[in-house]
Amino acid sequence: MEQYIQGLAYVVGDAVDTDQIIPAEHLVYSLKRPDERRMYGRFAMSGVPKAEQGLPFGNIPFTAPEAYHSRFTFIVGGTNFGCGSSREHAPFALTEAGARVVIAESYARIFFRNTVDGGFVIPFESEVRLITRIRTGDSLALDTTRAHLTNHTTSEVFLLRPLGDVADILKAGNVFNYARQAGLIPARP
Amino acid sequence: MTITEKILAAHAARPRVTPGESIWVDVDILMTHDVCGPPTIDIFKREFGEDARVWDPNKLVVMPDHYIFTANHHANRNVRLLRTFATEQALPHFYDVGTPRYKGVCHVALAEEGFNRPGSLLIGTDSHTCTSGAFGMFSTGVGNTDAALIMGTGKIWLRVPQTMRFIFDGALPPYLMAKDLILAVIGDIGCDGATYRAMEFDGDAVYALSMQERMTLTNMAIEAGGKNGVIAPDAVTLDYLRTRTDAPFEVVYSDADARYYSEHRYDVSTMEPVVAKPHRPDNRASVVEVAGTRLDRAYVGSCTGGKLEDFIAAASVLKGQEVVIDTYIVPATTEIGQALHTTDLDGMSLHDIFENAGCLMGQASCGACLGGPKDTFGRNMAQEVVISTTNRNFPGRMGSKQASVFLASPLTVAASALAGVIADPRTVLV
């Protein structure tokens, strides 16, 4: 996990469920084969209703039509981000599109767990309702160690909740590396 | 300790556990399907080696159920990947498509095949894995990575959840079903009202329910964010198990002095038929409030609302009548699909009642509950307004982002199918 991450914000609302993050019809693609896995980047966040795509403006696709990568590094959401299904394809799709960090007021349990154990986007939590303080396209900088977020566009600074004990898994890269370092499973063959 | 805490402690080989602590537990059954199985296998091979063996082939259950009756070649390829893996690993519990073993929706099939056993710990690559908790066991959904770790080691880390207790008392009126109770709970506490917590269902009205109805309660624990839903086993549970498995199990109950995060009481005799309005499962309204809302289609199916008793309820309303909107009937499993032919109401099979009413009959699978490939039976393609016995109505859940889905009980869905508008089952039940 890098200490400093910079990039543009993509803002969505409350209860963005996994069908909005990656609609179920796309779950047929392989997450391994390069020619198929890029489809997850193309369709990441494509289930969000148009009016709520890229708040407060709306009608801003996370990944531009026909593209495979997003120009947004940070996803800023409200409460219960990632609710719904257990599909790990959801955090995978965000990572495949190029996102690095999600900052939400709260997360659904399985989505949060998948981001951490699979080593995908870093899931920070904010006590402040950032979706009213950050706009899509704002330039953000995050110090992951200090949980310190700067909005360069507005010059506002926010202190996010510390990552807590999941930081150890995030630092290890994923739950397999963590379990190996802790001696819980044998070394990789 | 609560039933959830006791089961977790037993699987961590510890005398007791406390909510909030993270523990490593042994998994009794891992279940996966055609959507999450192939990527789980990829991770398993990446981490444990191309020739690695699963930790215990008898404990891995593979049930393709999501995208089965489709021409989508990627979806068909994924079922083939499961087939190859099941052969490689000599898995005894693979329920292959196109064979007499094919079952359909995993959460219902796990019960039918005897994998749900009191006191046990079951993990699945599907959020509705919480359904199995109706059998007095711990069950929850995980992603591919966690499932791959279990495939290799039989273990998973879990944070011990606090438990919320929902007590239902009173006699359930004939116009209400378990679906009304759980939609009321979700409406009360919200889609994140039970996040990171166990939901324990208790009270006389719960123990008066059949296993199929109990499964509707625990199935939708995830719609309130719950980690697991659980109901203590009783004579009804043991009766069901006798016909399904001879495997040993140990019944576990919450202690009288167990500590709960919160307690919520309901008198079911005073509750009303409810719906969840678009586009959230917690957007509850009484049927009376939304009666008359124009509909384009009705759907009876899924792990939540595609069990035999769901069809008996729907048929009791549709018997001798004709639907006025497209009405889809999708049994959760092949066993239920066959039972539609062999179960009679007043001398007519459920299947014939549905056909005579003008319903469209589908094959056992997850169907249109989660949209799926474009050619999925019953999938929304445009701006349809749908009333459905399924579990989620987030935007796009049944296929089209422009569609609107109301969630309701099979009784309410059937009554609405006859009227073409949302209708109160009390108006058609005599």
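What follows is a short talk about the cavities, the chain interface and the domains.

Q: Before anything else, what kind of model is this?
A: It is a predicted model, and the values we discuss are computed from it.

Q: Okay, how many cavities of 30 Å³ or more does the structure hold?
A: There are three cavities of that size in the structure, and the largest cavity has a volume of about 220 Å³.

Q: Which residues lie nearest the centre of the largest cavity?
A: Those are B:H66, B:D126, B:H128, B:L370 and B:R397, out of 24 residues that line the largest cavity. Two elements of chain B, α4 (106-112) and α11 (302-305), each give two or more residues to that lining.

Q: And what is that lining like by class?
A: The lining of the largest cavity has ten polar, nine nonpolar and five charged residues.

Q: Which domains of chain B does the lining draw on?
A: Domain 1 (3-247 + 260-265) and domain 2 (274-427) of chain B each supply at least three residues to the lining of the largest cavity.

Q: What about the second largest cavity, which residues line it?
A: The second largest cavity holds about 70 Å³ of space, and its lining includes A:N80, A:R109 and A:F111 from chain A as well as B:C191, B:I222 and B:G225 from chain B. By class, that lining has six nonpolar, five polar and one charged residues.

Q: Switching topic, how many residues are in contact between chain B and chain A?
A: On the chain B side 52 residues are in contact with 50 residues of chain A, and the area buried between the two chains is about 4,000 Å², with carbon and sulfur atoms giving 53% of that area.

Q: Which three residues of chain B supply more of its buried area than any other three?
A: They are B:E47, B:W157 and B:K401, which supply 15% of the area that chain B buries against chain A.

Q: How many salt bridges are there between the chains?
A: The count between chain B and chain A is eight salt bridges; one salt bridge joins B:D146 to A:R113, with the closest N and O atoms 2.8 Å apart.

Q: Back to the two domains of chain B, how far apart are their C-alpha centres?
A: The C-alpha centres of domain 1 and domain 2 of chain B lie 24 Å apart, while 41 residues of domain 1 are in contact with 42 residues of domain 2.

Q: What area is buried between them, and how many salt bridges are there?
A: About 3,400 Å² is buried between domain 1 and domain 2 of chain B, of which carbon and sulfur atoms give 58%, and the count between these domains is four salt bridges.

Key. Residues numbered from 1 in each chain as written. Chains lettered and ligands numbered in written order. Predicted model: local features only at pLDDT ≥ 70, side-chain atom pairs only at ≥ 80, totals over all residues. Heavy atoms only, no water. 1 Å grid on protein atoms, 1.4 Å probe; cavity = no way out; pocket = protein on both sides within 12 Å on 5 of 7 lines; lining within 4 Å. Points joined across faces, edges and corners; volume = space filled by probe spheres on them. Helix = DSSP H or I, 4+ residues; strand = E, 2+ residues; numbered from the N terminus. Nonpolar A, V, L, I, M, F, W, Y, C, P; charged D, E, K, R; others polar. Domains from an automatic or database assignment. Contact = heavy atoms within 4.5 Å. Buried area = accessible area lost by both parts, 1.4 Å probe. Salt bridge = Lys/Arg side-chain N within 4 Å of Asp/Glu carboxyl O.
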